Amino acid sequence: MVATLTSTPPSFLPLWRRKLTTYNPTQCLGTGKEALEISSNGYIKTNTIGFPEKGISTRPGTSSTPRPPRPRRIILVRHGESEGNVDETVYTRVPDPKIDLTEKGKAEAEECGWRIREMIEKDGANDWKVYFYVSPYKRTLETLRHLGLAFERSRISGMREEPRIREQDFGNFQDREKMRLDKALRLRYGRFFYRFPNGESAADVYDRITGFRETLKADIDIGRFQPPGEQSPNVNLIIVSHGLALRVFLMRWYKWTVQQFEGLNNMGNGNLIVMQKGYGGRYSLSMHHNEEELREFGLTDEMLIDQEWQKTARIGELNYDCPMVNSFFPHFEDEGCIT
């Protein structure tokens, strides 16, 4: 199943109020207005209860240099339709990293770029910019070139080719019939742990995505995306990659379980999913996407509840009302925990 995520305005999902019996005001800020009074552009301006990230001070009156503003969004884009998407025999004669986009795929990529620009311009900011990370495969590089037609040079603060967000390795030139058998075996074995012969499992992809996430986090913390002398909160990161790699990225970022990962659906070619900065500085899918879209992508009730928490939680906080904990331990039912 392919999930189609659109640029629907954010809608409030009152799931956390329906599912959780307790609400801890020290963990959530309550309303967007309250959050903005405390935190603008990801800065925490008061002495709060929480777990600040390493090296970042949240107490007023300290001499620590405040962090640069976090990017407003992290936008994940799957490449446009490739020749391999329409003809699997291409993999038997063309190396996976060298497979081209189709003409339809090029049009999908350009349309995606204009969708992103329209979304950003709705913020009403004049100083917005974009920064790109891209897989080194030909189909993702071509996607970025066509997506980038929507942006003039002054709007692009930079780009980086990143091998760690490449496609899952399936093992050099592929035998079509053997690949069909391997994919059938993957369903039986488990989509996350099954390793293709001479290739990778999703678990292997998880390991390299973890390294990329740490690089990305460091780039965010030092403000690598900011032009010289600027401290703008209106930078948008765009990651152009592949379906499985992007699902693994989300799994790693939000600490989803293997079972939750295996319930996700692939994004359509040239489609996107948006992680947008919430009121406390963290990134939430629910800031941009509505419940219907996220359920189509494969999010469960527990995952949706967590995304609602992410909307108002401050950087470094832990979710002590995490619904996964309640559902994992069956004996908590005796304590009145709703799972």
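The model is predicted. Strand 7 spans residues 235-241, and seven of its seven residues are buried. Strand 7 pairs with strand 4 and with strand 5, and strand 7 also contributes to the lining of the second largest cavity.

**Pairing of the strands**

- Strand 4, residues 73-78, runs parallel to strand 7, and six bridges join the two.
- Within this pair, Leu76 stands opposite Ile239 of strand 7.
- Strand 5, residues 129-134, also pairs with strand 7 in the parallel sense, over six bridges.
- Here the bridge partner of Tyr133 is Ile239 in strand 7.
- Strand 5 pairs in the parallel sense with strand 6, residues 156-161, over five bridges.
- In that pairing, Val134 has Glu161 of strand 6 as its bridge partner.
- Strand 5, helix 5 (residues 138-147) and strand 6 together form a β-α-β unit, and the unit is right-handed.

**The second largest cavity**

- The model has two cavities of 30 Å³ or more.
- The second largest cavity has a volume of about 30 Å³.
- Its lining consists of Ile165, Ile209, Phe212, Ile239, Ser241, Ala245, Leu246 and Phe249.
- Helix 7 (202-222), strand 7 and helix 8 (243-254) are the elements that each give two or more residues to this lining.
- Helix 8 gives the most, with three residues.
- Seven of the lining residues are nonpolar and one is polar, while none is charged.

**Arg117**

- Arg117 is found in helix 4, which covers residues 103-121.
- Arg117 has a relative accessible area of 13% and counts as buried because this value is under 20%.
- Apart from neighbours within four places in sequence, Arg117 is in contact with Trp128, Ala150, Phe151 and Glu152.

How values were computed: Residues are numbered from 1 along each chain as its sequence is written. This is a predicted model: local features need pLDDT of at least 70, side-chain atom pairs count only at pLDDT 80 or more; totals for chains, interfaces and linings use all residues. Side-chain values use heavy atoms; hydrogens and water are left out. Buried means under 20% relative accessible area, exposed over 50%, partly exposed in between (1.4 Å probe, protein chains only). Helices (H or I, at least four residues) and strands (E, at least two) are DSSP runs, numbered from the N terminus. Two strands pair if DSSP finds at least two bridges between them. Contact means heavy atoms within 4.5 Å. On a 1 Å grid over the protein atoms alone, a cavity is a set of points where a 1.4 Å probe fits but cannot get out, and a pocket is an open set with protein on both sides within 12 Å along at least five of seven lines; lining residues have an atom within 4 Å of a point. Grid points are joined across faces, edges and corners, and a volume is the space filled by probe spheres set on the points. Ala, Val, Leu, Ile, Met, Phe, Trp, Tyr, Cys and Pro count as nonpolar, Asp, Glu, Lys and Arg as charged, and the others, Gly among them, as polar. A crossover is right-handed if, with the strands pointing away from the viewer, the path from the first strand over the helix to the second runs clockwise.
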